[in-house]
Amino acid sequence: MDTDSNDPLHNWIITNLAPHYDADPSVLASYVVTYLAKQVEGDQLYDFLIEKLDIFLKEETEAFVSKLINALTTKSYLENSQQQPETDSEQTIFQSEQQNQQKEQQKE
């Protein structure tokens, strides 16, 4: 699974982790994408993600995993990839990602 800044799922995860995770959410988002690449489905995926993310998200883990699985099921992360973020932290992350994308495009 592609984990670069152009990946809508990776971006969705970063945006939704930011309010719940004090460290750099892009690093944890890369781990989450890696976890999602495992051949785990349904309730097993939920339990797997809870187990792996609990150390990072603590009491926020279940809510985040539920939201993530819903986004995967409905593919709503694709719709959100074109929307502007709503919170200040989301806006900061969004702007940073846009700047990185612009720098990469200028290099090409």
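Two residues are taken to be in contact when they have heavy atoms within 4.5 Å of each other. By that criterion, and not counting residues up to four places away in sequence, L36 touches L9, I13, L45, L49, L68 and L72.

The structure is a predicted model, in which local features need pLDDT of at least 70 and side-chain atom pairs count only at pLDDT 80 or more, while totals for chains, interfaces and linings use all residues. Residues are numbered from 1 along each chain as its sequence is written, and side-chain values use heavy atoms, with hydrogens and water left out. The predictor's confidence in each residue, pLDDT, runs from 0 to 100; the protein chain averages 78, and 69% of the residues score at least 70. Among the elements, α4 has the highest mean pLDDT (92) and helix α6 (residues 88–107) the lowest (56). Where pLDDT is low, the predicted coordinates should not be read in detail. Helices here are DSSP runs of H or I with at least four residues, numbered from the N terminus.

L36 belongs also to the largest nonpolar core, where I13, L36, L49, L53, F64 and L68 touch the most other members out of 23 residues. Such a core is a set of buried Ala, Val, Leu, Ile, Met, Phe, Trp, Tyr and Cys residues joined through side-chain atoms within 4.5 Å; buried means under 20% relative accessible area, exposed over 50%, and partly exposed in between, with a 1.4 Å probe and protein chains only. The elements giving two or more residues to the core are α1 (8–17), α2, α3 (42–57) and α4.

In α1, eight of the 10 residues are buried, among them W12, I13, N16 and L17. At the start of this helix, a side-chain oxygen of D7 comes within 3.2 Å of the backbone nitrogen of L9.

F64 lies in helix α4 (residues 61–74) and is buried, with a relative accessible area of 3%. Leaving aside neighbours within four places in sequence, F64 is in contact with W12, I13, N16, L17, L53 and L57. By contrast, D47 of helix α3 is partly exposed at 47% relative accessible area.

Key
A polar contact is a pair of N or O atoms within 3.5 Å; within protein, one must be able to donate a hydrogen and the other to accept it, and residues adjacent in sequence count only if both atoms are side-chain atoms.
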